[in-house]
Amino acid sequence: MTILSNFLRITKSYRSWKTDILLVLARRTLSSHGTFDYDLAVIGGGSGGLACAKEAVNHGARVAVLDYVTPSPQGTKWGLGGTCVNVGCIPKKLMHQAALLGESIHEAIAYGWEVPSPEAIKINWASLTEAVQNHIKSVNWVTRVELRDKKIEYINGLGEFKDPHTLVATLKNGSKKELTAKNIVIAVGGRPHYPDIPGAIEYCISSDDIFSLGYPPGKTLVVGAGYIGLECAGFLNSLGFNATVLVRSVPLRGFDQQMAQMVTNEMEEKGVKFHHKCIPLSVEKLESGQLKARWQNTETGKQSEDVFDTVLMATGRYALTKALNLPAAGITCVTENGKISAATEQTNVPHVYAVGDVLAARPELTPVAIHAGRLLARRLFAGASQHMDYENVATTVFTPLEYGCVGISEELALERHGADNIEVYHAFYKPTEFFIPQRNIRNCYLKAVAERAAPQRILGLHFVGPAAGEVIQGFAAAIKCGITMEQLMNTVGIHPTVAEEFTRLNITKRSGKDPNPASCCS
């Protein structure tokens, strides 16, 4: 009886094993390189990776997406969708909108609205973060459903290379899942960098944590003055939380510095404090639970300290490539900071590609990753030949007074073409909405950087003011089409709007004339 039982058990196991093997073989894709589980495997479930995966499926490819979020040092984690959806563009814009709405309530009084006890108006941080997180979770869910509907296999695991065509995913429970793919796309993005100082990782938060922070941030020190640091400091200050910014070199490095100065001027006038040429030294937790931060001025050597409720690190981001075991795939085109150098998204291993923030010397912007991912999928599976154009990509910094730009900065134009070959048209302007509440207009400014020789092709457009992102988007298409100053000046504006101010530009810096407006309607 025992022998019979063992025989039946072995027979059953063999049948099960045979069925599993047949299922695996059935799903494998035949190619000139052998057999693979998938036509495409994407490591990373952010905007670029998902766009590439969905476009590939549209062209008949069998696709798998591997995605896993390692919790932040403070334990924050999130769902499918990447940085933009969970801890980037979307929650940032919602917090920015909350800040603008708070300011609008006070401005409404000047327009005749009766607001009882305006001095008592304040933000409920718990309600705000709950609303933001509820929206994010809804996007996570829709993303999961879309992958299922498109029959894209979603693997919630941390992926790494075993060999050039094989990936191993470490799942939540620690088990391993192995898969092969004819083509592989690396789209792992990046995470916030923490400076190597005492207390940074133990006590500080980053943009990974601020949008779901379980308590009001209170008095906050923001270390770093890139766009993430300034955006966070801006909305925190407008929401009623004291904000201080440590600036190591210059604010908004890589952006036009005259415009960056306008942005920080506005923030300072709204109450944000700036300490320039300063680096953090340490963060210490006090018995009260507050944080004592120390920093040093790199020019004078003077050290300072203050006590804060929250310290937010915004000192840059690093690419998540170390955990990928790239050497196993033979990938060598990696820079010192871990980014992948791939001019056309193709690495030195022909069937392995990269898109999004993981790429070196490319704009770290969601729409860039999405467009590059789609174009790559079309080249791989639809016979297309179009490559991503990384030049003249528009962007906006969502500070209290927004800064939108497309094309190159004035500094870069002068460096490339020389001062004698560049003409800069500029103007201050007065948004109509600012008149009645008597809002500050000193930093409402725009300029066009153009070639001096006719027909004066425009190289860059820069705008600081309300709704800058909405303003600059349309002009981005014009820049792509090679718009000239003559064409811009002959465009009839929509009145009264802030966008029409570009069509009214007529004063050059070279002329020395006053760029302040004399009238709004003539």
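Reader: How many salt bridges does a search of the whole structure find?

Author: Side chains of opposite charge can pair when their charged atoms come close. A salt bridge here is a side-chain nitrogen of Lys or Arg within 4 Å of a carboxyl oxygen of Asp or Glu. The search finds 22 of them. This is a predicted model, in which local features need pLDDT of at least 70 and side-chain atom pairs count only at pLDDT 80 or more, while totals for chains, interfaces and linings use all residues. Residues are numbered from 1 along each chain as its sequence is written, and side-chain values use heavy atoms, with hydrogens and water left out.

Reader: Which parts does the pair of Lys 447 and Asp 256 tie together?

Author: The closest N and O atoms of Lys 447 and Asp 256 are 3.0 Å apart. Lys 447 belongs to strand E23 (residues 445–451), and Asp 256 to the loop between strand E12 (243–247) and helix H9 (257–269), so the bridge ties together parts 191 residues apart in sequence. Helices (H or I, at least four residues) and strands (E, at least two) are DSSP runs, numbered from the N terminus.

Reader: Is Lys 447 buried or exposed?

Author: Buried means under 20% relative accessible area, exposed over 50%, and partly exposed in between (1.4 Å probe, protein chains only). Lys 447 is buried, at 0%, and Asp 256 is buried as well, at 1%. A further pair, Asp 389 and Lys 480, has its closest N and O atoms 2.8 Å apart. Asp 389 lies in the loop between helix H10 (366–381) and strand E20 (395–397), and Lys 480 in helix H13, 91 residues apart. Asp 389 is partly exposed at 39%, and Lys 480 is partly exposed at 43%.

Reader: Which residues touch the most other members of the largest nonpolar core?

Author: In soluble globular proteins, nonpolar side chains tend to be buried together. A nonpolar core is a set of buried Ala, Val, Leu, Ile, Met, Phe, Trp, Tyr and Cys residues joined through side-chain atoms within 4.5 Å. In the largest core, of 66 residues, Ile 210 and Phe 502 touch the most other members. Helix H13 (residues 468–480) gives the most to this core, with six residues. A second, separate core has 32 residues, including Leu 167 and Ala 342.
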